[in-house]
Amino acid sequence: MSGADETAPAIDAEMVALRQKIDSIDDVLADALAERQRCIEAAAEIKSRIGWPARIPPRVDQVLARVAARAKEKNLDSDLARSLWTVLIEWSIAYEERLMNKSSARELDTP
C-alpha cells in the first residue's frame, strides 16, 4: 500500500469538514442577503414617499469605497469584492425601481 493510499481517508475527512464549513458560511451569506433585501424593500418605500430616485450615485460610490476598505482590512481580494458588490448594488437599484414603480402604479389606481 502506498503512502498516498494511507492518507486518502484523512484527506477525505479534511475535505468533508472544510465543505461543511463552506456550507455554513454560505448559509450565513444567504441569511445576510435576505436581510439586505428586506432593507432594500424598506428603502424603496421610503424613497417613494420622499421622492428620491432609486439610484443615488454618491451613495453607490460610498458603498463601494466602504466595501473596498473592508475587503482590504479582511484580506479579501479587492477585484472579487468590487465585482460582487457592483452586481449586488445594480440588482438592488433595479429591484428598488421595480418596487417604486409598483408603488406609483397603486397610488394612481387609488381613487
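This is a predicted model: local features need pLDDT of at least 70, side-chain atom pairs count only at pLDDT 80 or more; totals for chains, interfaces and linings use all residues.
The protein chain contains three helices and zero strands, and, read from the N terminus, its elements follow the order α-α-α. The chain has 111 residues, of which 16% count as buried. When contacts between residues at least 6 apart in sequence are considered, 74% of these contacts join residues at least 24 apart.

Two or more residues of the lining are given by each of helix 1 (3-50), helix 2 (57-73) and helix 3, and it is helix 2 that gives the most, with seven residues. Sorted by class, the lining of the largest pocket holds 15 nonpolar residues, one polar residue and eight charged residues.

By class, 11 residues of the lining of the second largest pocket are nonpolar, none is polar and one is charged.

As for aromatic side chains, the structure holds one aromatic pair. This pair is formed by Trp91 and Tyr95, whose ring centres lie 4.7 Å apart; because their planes meet at 25 degrees, the pair is stacked, given that planes under 30 degrees apart count as stacked. Trp91 and Tyr95 are four residues apart in helix 3, and they are therefore separated by about one helical turn.

Side chains of opposite charge can pair when their charged atoms come close, and the structure holds five salt bridges, of which the following are described in turn. In one of them, Arg38 pairs with Glu41, and the closest N and O atoms are 3.0 Å apart. Both of these residues lie in helix 1, where Arg38 and Glu41 are three residues apart, or about one turn of the helix. Arg38 counts as partly exposed at 43% relative accessibility, and Glu41 likewise counts as partly exposed, at 25%.

Another salt bridge joins the side chains of Lys47 and Glu96, with an N to O distance of 2.8 Å. Because Lys47 belongs to helix 1 and Glu96 to helix 3, this pair ties together parts that are 49 residues apart in sequence. Lys47 is buried, since its relative accessibility is 12%, and Glu96 is buried as well, with a relative accessible area of 5%; in each case the value falls under the 20% limit that defines a buried residue. Glu96 is located in helix 3, which spans residues 78-109. When neighbours within four places in sequence are left aside, the residues in contact with Glu96 are Ile40, Ala43, Ala44, Lys47 and Ala54, so that Lys47, the salt-bridge partner of Glu96, is also one of the contacts of this buried residue.

A further salt bridge is formed between the side chains of Glu90 and Arg55, with an N to O distance of 2.6 Å. Glu90 lies in helix 3, while Arg55 lies in the loop between helix 1 and helix 2, so this pair ties together parts that are 35 residues apart in sequence. Glu90 is partly exposed, with a relative accessible area of 34%, and Arg55 is also partly exposed, with a relative accessible area of 36%.

How values were computed: Residues are numbered from 1 along each chain as its sequence is written. Side-chain values use heavy atoms; hydrogens and water are left out. Buried means under 20% relative accessible area, exposed over 50%, partly exposed in between (1.4 Å probe, protein chains only). Contact means heavy atoms within 4.5 Å. Ala, Val, Leu, Ile, Met, Phe, Trp, Tyr, Cys and Pro count as nonpolar, Asp, Glu, Lys and Arg as charged, and the others, Gly among them, as polar. Rings of Phe, Tyr and Trp (its six-membered ring) pair if their centres lie within 6.5 Å; planes under 30 degrees apart count as stacked, over 60 as edge-to-face and the rest as tilted. A salt bridge is a side-chain nitrogen of Lys or Arg within 4 Å of a carboxyl oxygen of Asp or Glu.
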